[in-house]
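Hi,

Here is the structure I promised to pass on. My notes on its ring contacts and its core follow below.

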Amino acid sequence: MSKITTELLLERAVPRSTRLRKIETLNLSKLQLKTGDLDPRLFSRLRHLQKLDLSDNLLDKFPNSLTLPDLRVLNCNNNKLEDVTALKQFPLLEELTYENNVYLTLNDDYKVMFLLENLRLLNGKDITKLANHVRHVNSRKLTSKVTAHWEKFFRDQLPEKHTAEQAKSIKKKFLKSVQTNVVYGPSSLSEFTRWRVKMIAEEFLSSSLDLEINSDTEPENKTDESEEESTESPREAPEEVEQVGDVSSYISNVKVKPRKRKRNRSKSGAGNKRSKSQADTEEEEEAEDVSAEPLHFLQCHSKGNSREDFKTQLWSCVFEPVLDSGARKDPIVSSSKTVATCGGESVCLIDCETGTVLKKYKVATEEFFSVAWTTLTMVISDSRKKAHNILAAAGRRGIVKLIHVAADFCYGEIKAHKKPIATVCFSPTQETHLFTASYDKRIALWDIGIPDCDYNFKASQLLVLEAVSIPLRIALVPPCTEQYLLAGCEGGCFAWNIKLDKGQKSRPFEAIFQFPDDESMTTSHRVDGLAFLNDDVVVSKSSKPGCIYLWSWSRSFDAKEKGCQRTVSAVILAELEWSTTDMSYLTLSTCPAKEYVFCGDEKGSVWMYNLSNYTTAWGSAKGKRSERRISPTQVLKWPELRLNGEQPPEILVNNVVSDPAFTYLVVLTSVNITAIWKKP
């Protein structure tokens with residue numbers, strides 16, 4: 001690794017020099033320099049440096065005190081820069097280039113235009129006119145909006161004689177609210193707008209109201225946003241996918257009455273759809289109260305960013321995996337606080353702790369039904385490799401969008417099906433293998449490939465699994481994720497052999513499972529909920545009202561192997577008491593590490609089942625079926641929530657998912673509200 005020394009600086013000067021203070025042009029390109037190599041003490045001696053070339057290095061940011069007071073031209077092409085705000089230390093900068101820094105976006109272009117008043121050329125383009133607009137017109141508009149937001153919502157909240165604690169509280173609320181609700185300009189610039197709004201709001205509080213901003217205010221969340229090309233933008237944009245940022249509305253007037261589900265050991269009438277708890281197992285201990293509390297209610301999938309949209313259905317959510325390979329081995333720490341959600345024309349990335357919408361990707365002609373994560377080890381430059389999280393999103397158009405989240409770039413798409421895609425999932429062992437289940441009654445296995453440093457990639461279809469009805473939910477069988485796939489379909493529950501060494505590319509199902517139906521067994525029912533609780537226990541929900549089945553994959557499939565028949569009876573381990581609604585497509589999920597099952601209902605409630613007292617018995621060879629239905633450990637009731645001053649008439653919980661550690665619970669609804677609950 002090349003280290004910067006006085007001798008190196010003198011040697012790389014153009015022309016070569018004998019004194020640091022005489023250097024006006026310096027070429028430090030292609031030296032594999034990292035940020036720590038830029039020693040401020042050494043650079044402070046370059047008092048007359050006007051042109052600096054740092055291209056083709058490994059810089060991820062600039063130190064804040066390089067002290068180059070006369071710098072006019074800076075080249076940072078082909079680095080790993082993630083932020084540009086430190087460039088404000090070069091106030092005389094006139095020409096700046098930082099192309100091929102994958103993490104920089106259109107929003108960073110606007111930031112440097114605002115911060116550097118003498119900047120004329122950015123990435124080779126004259127930005128004089130646009131920069132003047134950003135510095136003056138844009139700032140006036142935002143200042144007006146920030147002031148109006150204070151006057152309308154916060155002025156009356158601050159008493160004329162207020163305490164320091166009251167001032168601190170109102171400052172924090174105002175800064176959060178104003179960054180969320182003040183919107184101006186194209187949606188692709190929302191991260192720049194939030195950055196400026198925060199800056200303006202802090203100046204407003206400090207100067208107009210004499211409220212100084214303490215260092216304990218919430219730090220800025222950098223959101224690298226994908227781009228939408230402006231007529232004067234120095235950067236081009238990817239097609240169709242745009243970054244909208246935090247345009248979510250926080251729903252107000254929330255009153256929460258947490259209720260623990262009471263046990264009722266008496267039998268309830270089968271015909272009463274409003275009946276409460278049914279009989280529970282006598283040996284079950286009193287369930288713990290998980291005491292999950294509502295944290296955020298977000299309206300971030302609105303069509304056209306309309307705050308009046310309470311009709312967009314939200315369908316799928318999944319937590320982002322942690323990139324640290326060591327952490328990924330432990331399921332408890334294998335995800336971050338960031339969750340991807342989809343519904344309507346958009347996919348959102350949300351920080352569950354803060355409720356911030358970090359990124360929003362939108363395709364105006366799409367309706368997204370499913371999202372899934374994988375981690376690809378990509379070659380970034382000079383044959384170096386780095387792991388990156390890739391998000392796949394699919395829906396009504398039958399197209400899979402592949403999004404490099406850190407780079408904020410939709411780098412490709414796969415035209416997987418001619419009909420809508422109901423759900424997608426990645427193989428946990430083959431990082432490039434993606435399953436897509438479609439309304440064309442087929443499940444396809446794709447190898448999405450690994451994009452090169454220019455985002456070129458090649459996708460190929462490896463398998464087609466033929467279904468007799470539309471597949472709604474799919475799950476890879478945990479002990480053998482490369483051999484069997486299970487699917488809940490409109491016409492039943494099916495299994496396929498997906499082993500790639502069989503040679504047959506198009507395959508029929510190997511087994512269809514029968515479930516109890518009144519007094520008999522049937523295969524003909526809709527299975528709209530499907531997940532594995534552990535390596536053997538399957539949780540499935542069918543069209544039979546009021547019931548969720550737990551059954552053994554191994555014992556059920558072993559019966560198929562012994563009998564050499566495709567129709568086999570599922571070996572039922574237990575039934576979970578659930579809502580008696582006949583409403584379909586309210587899916588379920590599991591938290592295997594904590595042995596929990598979650599399922600929402602037609603009233604906005606979330607039913608939670610802690611099954612840790614049962615799994616050991618079910619795992620034994622002679623494990624018997626629990627004779628009575630297992631009641632939920634707790635039912636989280638939808639809080640008293642007003643939308644535009646009114647209670648919503650009907651809230652369906654389409655999906656509910658926890659992170660692996662069961663710290664957060666994300667609830668997706670039929671009324672364009674994402675609810676985030678947190679377990680203390």
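Arg566 lies over the face of Phe509, 4.0 Å from the ring centre; a charge sits over a ring if NZ of Lys or CZ of Arg is within 6 Å of the ring centre and within 35 degrees of the ring normal. The charged end of Arg196 likewise sits over the ring of Phe114, at 3.8 Å from its centre.

Please keep in mind that this is a predicted model, where local features need pLDDT of at least 70, side-chain atom pairs count only at pLDDT 80 or more, and totals for chains, interfaces and linings use all residues. Residues are numbered from 1 along each chain as its sequence is written, and side-chain values use heavy atoms, leaving out hydrogens and water.

There are 27 aromatic pairs in the structure (Phe, Tyr and Trp rings, the six-membered one for Trp, with centres within 6.5 Å; planes under 30 degrees apart are stacked, over 60 edge-to-face, the rest tilted). Trp150 and Phe174 make an edge-to-face pair, with 5.1 Å between centres and 90° between planes. Both residues are buried (under 20% relative accessible area; exposed is over 50%, partly exposed in between, with a 1.4 Å probe and protein chains only).

Tyr484 and Phe557 are edge-to-face too, because their centres are 4.8 Å apart and their planes at 65°. Tyr484 counts as buried at 10% relative accessibility, and Phe557 is buried at 5%. Ring pairs link both into a cluster with Phe513, Phe515, Tyr549, Trp551 and Trp553.

Enjoy exploring!
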